[in-house]
Amino acid sequence: MNKPNVMRPCRFQLNRKGELTYQDRRFACLIQDISEKGIFIICNYNLGIGLELEVKFELEAGLHFNSKIRLRHIDGGCFGAEIIEVDHRSDSNRKRFLDSNYYGQAWLPGSRLQLEA
């Protein structure tokens, strides 16, 4: 049975400590990976799908990344978040990080099989 491939941006492993902010509350988190459009995060707090938060972490020493994210899926304290807003400096830092650590790979598409019930 042929399944269509769904293209998605390539993901890059990070394992960085980060901070989530919602209104005036702050939560510690662990950033597992990042792509051009999203971030995979582990957090020990109950958060809901669709919630919009700020995330801050260092890609590497001196390369800060700040953005606004929207939670897209949650499973046991792990969630995928869509990057909905990123400032110019953070976007530049992300590109610099990817170029220095994953040169030539940032533009490779990731893919996954589309599963049907």
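# A working chat about a barrel and its helix

I69 touches L20, I39, I41, L51, E52, L53, V55, A81, E82, I83 and I84, leaving aside residues up to four places away in sequence.

Student: Before we go on, what kind of model is this, and which residues have the most contacts inside the largest nonpolar core?

Tutor: This is a predicted model, and its largest nonpolar core has 27 residues, of which L20, I39, I41, L47, F57 and I69 have the most contacts inside that core. At least two residues of this core come from each of β2 (12-22), β3 (25-34), β4 (38-42), β5, β6, β7 and α1 (88-101).

Student: OK, and in what order do the strands close into a barrel?

Tutor: The 6 strands close in the order β2-β3-β4-β7-β6-β5, with antiparallel pairing, and on average neighbouring strands of this sheet are turned by 45° against each other when direction is ignored.

Student: Where does α1 sit relative to that sheet?

Tutor: Helix α1 packs on the sheet and touches β2, β3, β5, β6 and β7, while its direction makes about 90° with that of β6.

Student: Let's stay with β6 then; how many bridges does β6 make with β5?

Tutor: Strand β5 (residues 52-60) and strand β6 (residues 63-75) pair in the antiparallel sense over 8 bridges, and within that pairing E54 stands opposite K68 in β6. The two strands form a hairpin with 2 residues between them, and G62 in the turn has a positive phi of about 85°.

Student: And on the β7 side, what joins β6 to β7?

Tutor: There are 8 bridges between β6 and strand β7 (residues 78-86), which run antiparallel, with S67 standing opposite V86 in β7. β6 and β7 also form a hairpin with 2 residues between them, where G76 in the turn has a positive phi of about 55°.

Student: What about β3 and β4, how many bridges there?

Tutor: For that pair, 4 bridges join β3 to β4 in the antiparallel sense, and the bridge partner of I34 in β4 is I39.

Student: Changing topic, how many aromatic pairs are found in the whole structure?

Tutor: A search of the whole structure finds 2 aromatic pairs. One of them is formed by F27 and Y45, a tilted pair with 4.8 Å centre to centre and 55° between the planes. This pair links distant parts of the chain, since F27 lies in strand β3 and Y45 in the loop between β4 and β5, 18 residues apart.

Notes:
Residues numbered from 1 in each chain as written. Predicted model: local features only at pLDDT ≥ 70, side-chain atom pairs only at ≥ 80, totals over all residues. Heavy atoms only, no water. Pairing = 2+ DSSP bridges. Core = buried A, V, L, I, M, F, W, Y, C linked by side-chain atoms within 4.5 Å. Buried < 20%, exposed > 50% of the residue type's maximum accessible area, 1.4 Å probe, protein only. Contact = heavy atoms within 4.5 Å. Phe/Tyr/Trp six-rings, centres within 6.5 Å; stacked < 30°, edge-to-face > 60°. Axes fitted to C-alpha atoms, helices over the stretch in contact; angles between N-to-C directions.
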